[in-house]
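Me: I would like to go through this structure with you. Could we begin with the aromatic side chains?
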Amino acid sequence: MKYAPNRLFGYPVLDDESLETADYPNKFITPKIHLILNSEDITKYTIKYELTLNSSILNKLINEKKANYVIRVSCNASLFSQSEICGAKGSFDILGDNLREKIEISVFLVASKSLTLKSLNNEFHPDFEGEEFCISKGMVLAYPAPVTYFISKENFMDVTSIFEW
């Protein structure tokens with residue numbers, strides 16, 4: 001395996017750059033994530049997501065329950081962070097009191113148990129071909145760029161607070 005300064009891990013990790021030089025050339029992970037005000041309870045936000053990836057190696061690990069998606073919601077302004085283990089499609093709620101200003105939503109595919117990562121159908125970059133990698137539970141297998149939202153706390157003000165300004 002060659003040293004490459006742009007590689008963050010010592011094993012192949014799928015990211016959202018499907019370049020020829022990526023660890024998984026011409027493969028991708030695509031998150032569709034929406035943060036919306038819950039219409040039934042305006043004190044909450046709902047995160048709706050749909051996650052797709054076109055790697056046969058990683059899809060096989062998901063089907064064998066050796067890998068899970070994790071969605072992490074964080075807000076530096078409130079020091080809030082919450083992680084949810086998810087399927088490929090769904091939604092979950094977060095209390096609006098925990099969120100303000102800039103919200104970052106990150107998606108990861110992580111190993112749910114120890115495993116050996118091997119190339120299938122020459123999916124790895126040639127630098128990794130023929131190698132096997134020991135992956136421990138919790139190690140990152142794929143991650144796209146985080147999605148950022150900006151929200152206003154005005155959504156959660158009491159009606160009487162308008163008169164307190």
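Reply: Tyr24, Phe124 and Phe133 form one aromatic cluster. Rings of Phe, Tyr and Trp (its six-membered ring) pair if their centres lie within 6.5 Å; planes under 30 degrees apart count as stacked, over 60 as edge-to-face and the rest as tilted.

Me: What should I know about the source of the coordinates?
Reply: This is a predicted model, in which local features need pLDDT of at least 70 and side-chain atom pairs count only at pLDDT 80 or more, while totals for chains, interfaces and linings use all residues. Residues are numbered from 1 along each chain as its sequence is written, and side-chain values use heavy atoms, with hydrogens and water left out.

Me: How many aromatic pairs does a search of the whole structure find?
Reply: The search finds three aromatic pairs. One of them joins tyrosine 49 and phenylalanine 92; this pair is tilted, at 6.2 Å centre to centre and 55° between the planes.

Me: Which strands hold tyrosine 49 and phenylalanine 92?
Reply: Tyrosine 49 lies in strand β3 (residues 44-53) and phenylalanine 92 in strand β6 (residues 89-95), so the pair ties together parts that are 43 residues apart in sequence. Strands (E, at least two residues) are DSSP runs, numbered from the N terminus.

Me: Is tyrosine 49 buried or exposed?
Reply: Tyrosine 49 is buried, with a relative accessible area of 8%; phenylalanine 92 is buried too, at 11%. Buried means under 20% relative accessible area, exposed over 50%, partly exposed in between (1.4 Å probe, protein chains only).

Me: And what is the geometry of phenylalanine 124 and phenylalanine 133?
Reply: Their aromatic pair is edge-to-face, with 6.2 Å centre to centre and 70° between the planes. Phenylalanine 124 is buried at 2% relative accessibility, and phenylalanine 133 is buried at 9%.

Me: Changing topic: which strands pair with β4?
Reply: Strand β4 (residues 67-75) pairs in the antiparallel sense with strand β7 (residues 101-111) over eight bridges, and with strand β5 (residues 80-86), also antiparallel, over seven bridges. Two strands pair if DSSP finds at least two bridges between them. Seven of the nine residues of β4 are buried.

Me: Which residues stand opposite valine 73 and cysteine 75?
Reply: Valine 73 stands opposite isoleucine 105 in β7, and cysteine 75 opposite phenylalanine 80 in β5. In the hairpin of β4 and β5, which has four residues between the strands, leucine 79 takes a positive phi near 60°.

Me: How many disulfides are there?
Reply: A search of the whole structure finds zero disulfides (pairs of cysteine sulfur atoms within 2.5 Å). Cysteine 75 is buried at 1% relative accessibility, and cysteine 86 is buried at 10%.
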